[in-house]
Amino acid sequence: MVATTPPAAVPRRASPTARMLLTLGFFLLVLTTLAFIALPIVAIFVHVAPSTLLHELTNPLVLDALVVSAKTTLISQALILVFGTATAYFLASRRFRGRSLAITLIELPIVLPPAAAGLGLLVAFGRVGLLGSTFDALGINVAFNQAAVVLAVTFVAGPFYVRQGIAAFESVDETMVAASRTLGAGPLRTFSRVTVPLAAGGLAAGQAIAMARGLGEFGATIMFAGSLQGRTQTLPLAVYYAFELPNGLDVALAISAILTLVSLAILLTAKVISGSYLFRRGTGRNPTVALD
Amino acid sequence: MSAGTRRARRSGRTPARRLASAAVVAALCVGLTAASGAAQPQRSAAGITVYAAASLTQAFPVIAPGNTYSFAGSNTLEAQIANGAPADVFASANTSIPAAMYAQGLIEKPVDFTRNTLVIVVPKSNPAGIHSIYDLTKPGVSIDIANSAVPVGSYTLQVWNQMGLTSALMPNVVSQETDVTTVLSKIASNQADAGFVYSTDAETVPTQVTVIPVPAWAQPKVVYAMAVVTKSPNQAAAQAFVNQVLSASGQAVMRKFGFLPLTAPVPAIAAVKPLQTKRGGTVTLTGTNFSGTTSVTIAGVAAMFKVVSSGKIVLTVPPKAKSGAITVTNPNGNAISIKKITIGA
């Protein structure tokens, strides 16, 4: 007779069947998620023949929308770069009472529904808005023209850049900055030659996200700037307009295809830039650049 | 106690717990099935789903309160129905969209159910000082219209083409909206100087906008048509709603909100008094549908006239008048008096 030890406290292991089911379950979950994301994007390109898509690219509606989107995106990105960098640096490097309030305020447009943002812009800067009569007196007309589109895009997209910029500047190694100052460089020179290059990866990623967000802006634009082909009708507005035209589905799909490809290009560029900066320069203490 | 039971007890998965988790899973399955079942089109006794042009927002719910309504630009609704939206009835602000949908088999044969009038609206303060459509050609005036795929937008362009004003007015257009109610709210909130909407829309915000009529001769034929959607699972109820709109009570509701009756009223002369008069004298006509009279002639010679009411016109015999029948004309047709009047010296 062999002395059998009672079943000791061995770690309970799932049976092989259970483990297989669990793995299968996870696999299915991930597969479903990927399929859910991929299907609408693929459908844009395969619902109609590629030749139809290419043909629709010559449609004046599409070309006008491309020009409007390109112009307004470029101008708003320039504004975001200038104002956003200054704001992000200020908020990153200073500690003052009300700092977290200021940061929350800057981040608010990120979560604010675009239609509400558009309405807010309208009642602030529109003809009968808070600043409307002031603008009138100065001869500035903001409503219903490209200035309104730029304002709407900057409002909704800027905070993405500022938020990313704050993180980027905060991650700059202060010892580098201090070293630069002790070596005799003035604040401006230190900023441009030391701080910005160290933060550049994060800043570039932030700019990319802001550009993608701005390109896709719809609600605030249509509320504040209206929609007029060749003047204020951006690519997203053109999709909406084209869809409701008789036999407009092809044009709408062509515009959607353009938007998808451009967004993909922006996303890939952002990843490449932030990746290369991380490897080459190093950002000091916390080299995490979140592309959220 | 078996080894299995021992294992189960140790891990906390007692029989009671296992029963509970099984019950939860079963409940989830039932719930999901019920939810997906609810997504199927229902035979609804409560009300049908009506997709209607935005200008019908006030009138339709008064005609049939129990239904579910979706109001938008007629072309938006067309796109939605073509892509499978669950509408039972479709009502458009024109006849061409329903005709196209009928040709595609999306709806049954459409029937006209009301008419409307295109007007210009300006904010109450009238910042640009607009008093007629010609004032809109002034540089710097901002005009808001619906885009050309929306019925009211296409009617607007028809008027402009009819009057030869398209090239003068287009530069002043600042936005092209997706439905008429957006145009109205932009004017009501003083975002633009003038907009083109239906007279029925203007009546919903009388304190915020002023109406400027479009010349009667340039007014387009604005006719609304509706039909049952072929894929509707509530065909009987849908047809009942169409009949309700066409009924006397339904039409009375439409008129109450400012829509025009289906048949365009043609004038009719009942009596002419006096039958003998001289040049410069006055003649009174009694009849019906005199409002909107554009001209009154005696034997072809135009006379100055005053529309006292829809049943009474007073005209002045012109200096060059000859004896003959009196003709009253309005945009829908004319009426010729049976008796001729005699003009003395």
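Read along the sequence, chain A follows the pattern α-α-α-α-α-α-α-α-α-α-α-α. Its secondary structure comes to twelve helices and zero strands, where helices (H or I, at least four residues) and strands (E, at least two) are DSSP runs numbered from the N terminus. The model is predicted: local features need pLDDT of at least 70, side-chain atom pairs count only at pLDDT 80 or more, and totals for chains, interfaces and linings use all residues. Residues are numbered from 1 along each chain as its sequence is written, while chains are lettered from A and ligands numbered from 1 in the order in which they are written.

**The two chains**

Chain B has eleven helices and 19 strands. The table sets out burial and contact range for both chains. A residue is buried if 20 or more other C-beta atoms lie within 10 Å of its own, exposed if 12 or fewer, and partly exposed in between, with C-beta atoms placed from the backbone. Two residues are in contact if their C-beta atoms, also placed from the backbone, lie within 7 Å.

| Chain | Buried residues | Of contacts between residues at least 6 apart in sequence, those joining residues at least 24 apart |
|---|---|---|
| Chain A | 37% of 292 residues | 79% |
| Chain B | 39% of 345 residues | 67% |

The radius of gyration of chain A is 25 Å, whereas a compact globule of 292 residues would have a value near 19 Å. This radius is taken over C-alpha atoms, and the globule rule is 2.2 Å times the number of residues to the power 0.38. Along its principal axes the C-alpha trace of chain A spans about 105 × 65 × 35 Å.

Chain B is divided into domain 1 (3-38), domain 2 (49-115 + 223-256), domain 3 (118-218) and domain 4 (268-344); the bounds come from an automatic or database domain assignment. Taken over C-alpha atoms, the centres of domain 3 and domain 4 of chain B are 35 Å apart.

**Nonpolar cores**

A nonpolar core is a set of buried Ala, Val, Leu, Ile, Met, Phe, Trp, Tyr and Cys residues joined through C-beta atoms within 7 Å. The largest has 140 residues, and A:Ala152, A:Ile255, B:Val89 and B:Phe90 touch the most other members. Helix H7 (residues 146-170) of chain A gives the most to this core, with 16 residues. Domain 2 and domain 3 of chain B each supply at least three residues to this core. A second, separate core of 17 residues includes B:Phe290, B:Phe305, B:Val328 and B:Ile341.

Leaving out residues up to four places away in sequence, A:Ile255 touches A:Val62, A:Ala65, A:Leu235, A:Ala238, A:Val239 and A:Ala242. Helix H11 (residues 235-243) of chain A is mostly covered, with seven of its nine residues buried. Among those buried in H11 of chain A are A:Leu235, A:Ala238, A:Val239 and A:Ala242.

**A sheet in chain B**

Five strands of chain B form an open sheet in the order E12-E19-E18-E14-E15, with mixed pairing. Strands E12 (276-278) and E15 (301-302) of chain B stand at the edges with a single partner strand each, so one side of each is left without a neighbour in the sheet. Two strands pair if DSSP finds at least two bridges between them. Strand E18 (residues 324-330) and strand E19 (residues 333-344) of chain B run antiparallel and are joined by six bridges. B:Ala325 has B:Lys340, in E19 of chain B, as its bridge partner.

**Backbone exceptions**

Most residues other than glycine have a negative phi, and most peptide bonds are trans. In chain B, a cis peptide bond with omega of about -5 degrees joins B:Lys273 and B:Pro274. B:Pro274 has its place in the loop between strand E11 (268-273) and E12 of chain B.

Phi of B:Asn190 is near 60 degrees, a positive value in a residue other than glycine. B:Asn190 lies in the loop between helix H8 (180-188) and strand E8 (194-198) of chain B, and is partly exposed, with 19 other C-beta atoms within 10 Å. Phi of B:Ala299 is also positive, near 50 degrees. B:Ala299 lies in the loop between strand E14 (295-298) and E15 of chain B and counts as partly exposed, with 14 C-beta neighbours inside 10 Å.

**Contact between the chains**

The contact takes 17 residues from chain B and 14 residues from chain A. On the side of chain B that touches chain A, helix H4 (74-82) and strand E7 (173-177) of chain B are the elements that give two or more residues. The largest share of that side, four residues, comes from E7 of chain B. The residues of this side divide into five nonpolar, twelve polar and no charged. Here Ala, Val, Leu, Ile, Met, Phe, Trp, Tyr, Cys and Pro count as nonpolar, Asp, Glu, Lys and Arg as charged, and the others, Gly among them, as polar.
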